[in-house]
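Dear colleague,

Please find the structure below, with its sequence. My notes on it follow.

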Amino acid sequence: MTRRKGALDVAGLPGKLADCQEKDPALSELFLVEGDSAGGSAKQGRDRRTQAVLPLKGKILNVEKARFDKMLQSAEVGTLITALGCGIGRTEFDPDKLRYHRIIIMTDADVDGSHIRTLLLTFFYRQMPELIERGHIYIGQPPLYKLKRGKKEYYVKDDAELNALLLSSAIDGAKLYPGGGSGAIEADTLGTLAREYMQVRAIIERWGRRYDKDILNAMIWLPAVSESELGDADAMAAWCAALQSRLGVKNGTRPRYTIAYQPGTDQSEATIEVGREYHGVSSTRLIHEGFFRSPEYQRITSIGLKFKDLLKPDAYVERGSDRQDVASVPEAVDWLMSKAKQGQTIQRYKGLGEMNPDQLWETTINPESRRLMQVRIEDAVAADEVFTTLMGDHVEPRREFIERNALSVSNLDV
């Protein structure tokens, strides 16, 4: 059943497989699609001549943990093996019999889609690594957003691309007047400042999973803590006081903070203890001294040095006929971004099934306009370690990996 079928001998192929008309593997593609809904759209939107579609129901078996015989008993894994046509196992696997030379994993842009993609990559890496080595495995990159401006529509890959597109629109014709009699900051220079601020804001969004975002935003405007100051209790106490002053309290509508420096010992490093009280709920978080040595902290404070004395009290920003008084560059950028969003509709795609067949063709299937990522093994030892850590039986190494890399994640769906 796993061997390539002739033009008239297709009885052994999976019933849910919508095969292509082309019989030359070099010209054939197979889309592995998450779910029947997305599979239906993909089947209608594809080029039937060269593109086949195989919908997979739910999450396939994690082959990193399963025995070989249990893997073969899995319906979804069996369907996939049959569709590929190259067999499996030491005696049966023959990559030359692969029915499609381009296998495209196409899953939703959410946490479930990422999990399914990881399970499929685990299957190919552990059971058919030759397919990756020969360059047959790809990852489709469907858009996460559709932006509609008037009669024009734009498909946007992710949050970074969306922000870049909005920012380009925001600064078009915009000018920032620093005040104090200084001349206007034109769109090009304003765009550079805005992009730097957006990059810092992205860092704060990531780090906000561990630290309070108000604290991080306040750090923008404080001098960077130096290495010599980290061990100086007086210097750190003064820095904590400056941070607390920067946060302030306005009519009880904002959280109330208490910030104190705790010197380190022989067994532990120094910390900043941040107490937060809001609507009667109290919490405490620690900022360890290693935080101040991180590149992200240096980036946050460096942007503050650039922005701190740039604007005077009479500063304002203009965009077309609109004008807004501003007290800081971030305030100006946020106002411009809000103006750019006016008159535009932003639709976020949670699943491929939300797209019409023609939209799915245009954005993800059409070879002329789609985006594909080819899967490659650049470091076999590192790749093996990652699959063993993340998909294996041992929990502790996986927990350590997650804790070590949590703040490096750019897209997190919870």
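At what angle do helix α6 and α12 pack, and how far apart are their axes? Before the answer, please note that this is a predicted model, in which local features need pLDDT of at least 70 and side-chain atom pairs count only at pLDDT 80 or more, while totals for chains, interfaces and linings use all residues. Residues are numbered from 1 along each chain as its sequence is written, and side-chain values use heavy atoms, with hydrogens and water left out.

**The helix pair**

Helix α6 (residues 159-170) packs against α12 at about 95 degrees, with the axes 8 Å apart. Axes are lines fitted to C-alpha atoms, for helices over the stretch in contact, and angles run from 0 to 180 degrees between N-to-C directions. Helices (H or I, at least four residues) and strands (E, at least two) are DSSP runs, numbered from the N terminus. The angle makes α6 roughly perpendicular to α12 (under 35 degrees counts as roughly parallel, over 145 as roughly antiparallel, 65 to 115 as roughly perpendicular and the rest as oblique). On α6 the contact (heavy atoms within 4.5 Å) is made by N163, L166, L167, S169 and A170, and on α12 by L336, M337, A340 and K341. These residues divide into 6 nonpolar, 2 polar and 1 charged. Here Ala, Val, Leu, Ile, Met, Phe, Trp, Tyr, Cys and Pro count as nonpolar, Asp, Glu, Lys and Arg as charged, and the others, Gly among them, as polar.

**The sheet**

An open sheet of mixed pairing is formed by 5 strands in the order β2-β1-β3-β4-β14; two strands pair if DSSP finds at least two bridges between them. Because β2 (51-56) and β14 (372-374) stand at the edges, each with a single partner strand, one side of each is left without a neighbour in the sheet. From one strand to the next, the twist averages 25 degrees. Strand β1 (residues 29-34) pairs with β2 in the parallel sense over 6 bridges, and F31 has V53 in β2 as its bridge partner. Helix α1 (residues 35-45) lies across β1, β2 and β3 (102-106), and runs at about 170 degrees to β2. Helix α13 (residues 357-365) also packs on the sheet, where α13 touches β1, β2 and β3, and its direction makes about 115 degrees with that of β3.

Yours sincerely
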